[in-house]
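Please keep the sequence and the three-dimensional view at hand while reading.

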Amino acid sequence: MGPELIVPPIFSPIPPAIHPRHADIDVQTAAWAETFRIGSDELRGRLVMQDIGTFSARILPEGSEEVVSLLADFVLWLFGVDDGHCEEGELGHRPGDLAGLLHRLLRVAQNPEVPILLDDPLAAGLRDLRLRVSRHGTAGQAARWVDALREYFFSVVWEAAHRRADTVPDLNDYTLMRLYDGATSVVLPLLEMGHGYELQPHERDHTAVRATAEMASFIITWDNDIFSYHKERNGAGYYLNALRVLEQQHGLTPAQALDTAISQRDRVMTLFMRLSAHLQPTASPQLRRYLHSLACFIRGAQDWGISSVRYTTPDDPAGFPSVFRDTPTDDSREPLDIPAVSWWWDLVPDHVPGLVADETASRALRRPVQETAA
């Protein structure tokens, strides 16, 4: 497999934060997994040790405890699907059969009362999650959650087709699908629910706001690929990972692919900070809260990625940093050569009147949002 990769400190201008009830939420999520028997006994035993409740508590450090707990249970459920069926199960190599199961689960999410998959633990857990989403969110937020779940399901079927064929996608396709198969978009409605507000369509669907959410997804999933590469590369079977895609497309060594992936995520991180700052002056209190939550999501995923046994794999320790760096390895304002996302850079020209400086962007996202969002 070649020499072990040592991941250097990753650029993070966003400070860490965690919900004060994180330990209790972690215990509650482990109990929820046992109640609904999520995954096999062996898989569930691993999942409940991976600090998933703590991860959720980092994403919503100031959110309501009920929604933080809902998010934690949902993330564990997603791993039950991804690990149990897609990554490690037989269905992960049978896209047609996987699509059938996922569509039945999607029907449960749309209409929990539908009498299908009545003996399936994942379906039972999903029914519980759907009822709680309706309790804590609006009808519109519940609908967007289901729509995002559909996007996620569609993308993991695409993954399964590559596993079956043992093929590596090109960088553009991988980047596009990674925005969805990382299950980041399905978390976004819960960022609103956690603080009791709903973004108005004219803000949520604005091209620049949608782009900031996509940038957050890119950073989170690229970081995840960097931190999960050790586990996946040394595991059994096929794996899809940004580093592997870069190795294949550009003929890079693993070390060169790591450097390239870090450069790419650093360039997107600096753009995320600039665009977020550009949106701040005219944003509603709700949008400012949302942008702050996206930043917490990014940093929360980073802190969890370098600390959870899911990726540190204590029996075969990964070479992870214990700190983050304050400056990017690549702060170029040139777009990445990836057509699926290169349009992001068009939203923040270098000379926009009134554009807030990068350091001001960092300060804005570091400040807690004080306004009460109705």
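Threonine 313 counts as buried because its relative accessibility is 17%, and buried means under 20%. The model in which this value was computed is a predicted one. Threonine 313 is found in the loop between helix 15, residues 309-312, and helix 16, residues 358-366. Its phi is positive, about 40 degrees, although threonine 313 is not a glycine.

Most residues other than glycine have a negative phi. Leucine 117 also has a positive phi, of about 50 degrees, and is not a glycine. Leucine 117 is placed in the loop between helix 5 (95-110) and helix 6 (121-136).

## The chain as a whole

The chain contains 16 helices and zero strands. Its radius of gyration is 20 Å, close to the 21 Å that the globule rule gives for 374 residues, so the chain is as compact as a globular protein of that length. Along the principal axes, the C-alpha trace spans about 60 × 55 × 35 Å.

Of the 374 residues in the chain, 57% are buried. Among contacts with a separation of 6 or more, 76% are between residues 24 or more positions apart. The accessible surface of the chain comes to about 15200 Å², and 53% of this area belongs to carbon and sulfur atoms.

## Helix 8: leucine 176 and aspartate 181

Helix 8 covers residues 171-181. Leucine 176 lies in this helix and counts as partly exposed, because its relative accessibility is 36%. In sequence, leucine 176 and proline 339 are 163 residues apart, while their C-alpha atoms are 9.2 Å apart in space.

Aspartate 181 lies in helix 8. With a relative accessible area of 5%, aspartate 181 is buried. Its side chain makes a polar contact of 2.9 Å with the side chain of arginine 178. Which residues are in contact with aspartate 181, leaving aside its neighbours within four places in sequence? They are Tyr152, Ser155, Val156, Trp158 and Glu159. For tyrosine 152, the C-alpha to C-alpha distance to aspartate 181 is 5.1 Å, and the two residues are 29 residues apart in sequence.

Threonine 184 has its place in the loop between helix 8 and helix 9, the latter being residues 188-193. Is threonine 184 buried or exposed? Its relative accessibility is 2%, and threonine 184 therefore counts as buried.

A polar contact of 2.8 Å joins the side chain of threonine 184 to the side chain of serine 217. Apart from neighbours within four places in sequence, threonine 184 is in contact with Leu179, Ser217, Ile220, Thr221 and Phe297.

## Helix 4: aspartate 73

Aspartate 73 is found in helix 4, which comprises residues 65-87. The relative accessible area of aspartate 73 is 2%, so this residue is buried.

With which side chain does the side chain of aspartate 73 make a polar contact? The partner is the side chain of arginine 132, at 2.9 Å. Not counting residues up to four places away in sequence, aspartate 73 touches Thr29, Trp32, Leu129 and Arg132.

Note on methods:
Residues are numbered from 1 along each chain as its sequence is written. This is a predicted model: local features need pLDDT of at least 70, side-chain atom pairs count only at pLDDT 80 or more; totals for chains, interfaces and linings use all residues. Side-chain values use heavy atoms; hydrogens and water are left out. Helices (H or I, at least four residues) and strands (E, at least two) are DSSP runs, numbered from the N terminus. The radius of gyration is taken over C-alpha atoms; the globule rule is 2.2 Å times the number of residues to the power 0.38. Buried means under 20% relative accessible area, exposed over 50%, partly exposed in between (1.4 Å probe, protein chains only). Contact means heavy atoms within 4.5 Å. Accessible areas come from the Shrake-Rupley method with a 1.4 Å probe; for residues, only the protein chains shown count as cover. A polar contact is a pair of N or O atoms within 3.5 Å; within protein, one must be able to donate a hydrogen and the other to accept it, and residues adjacent in sequence count only if both atoms are side-chain atoms.
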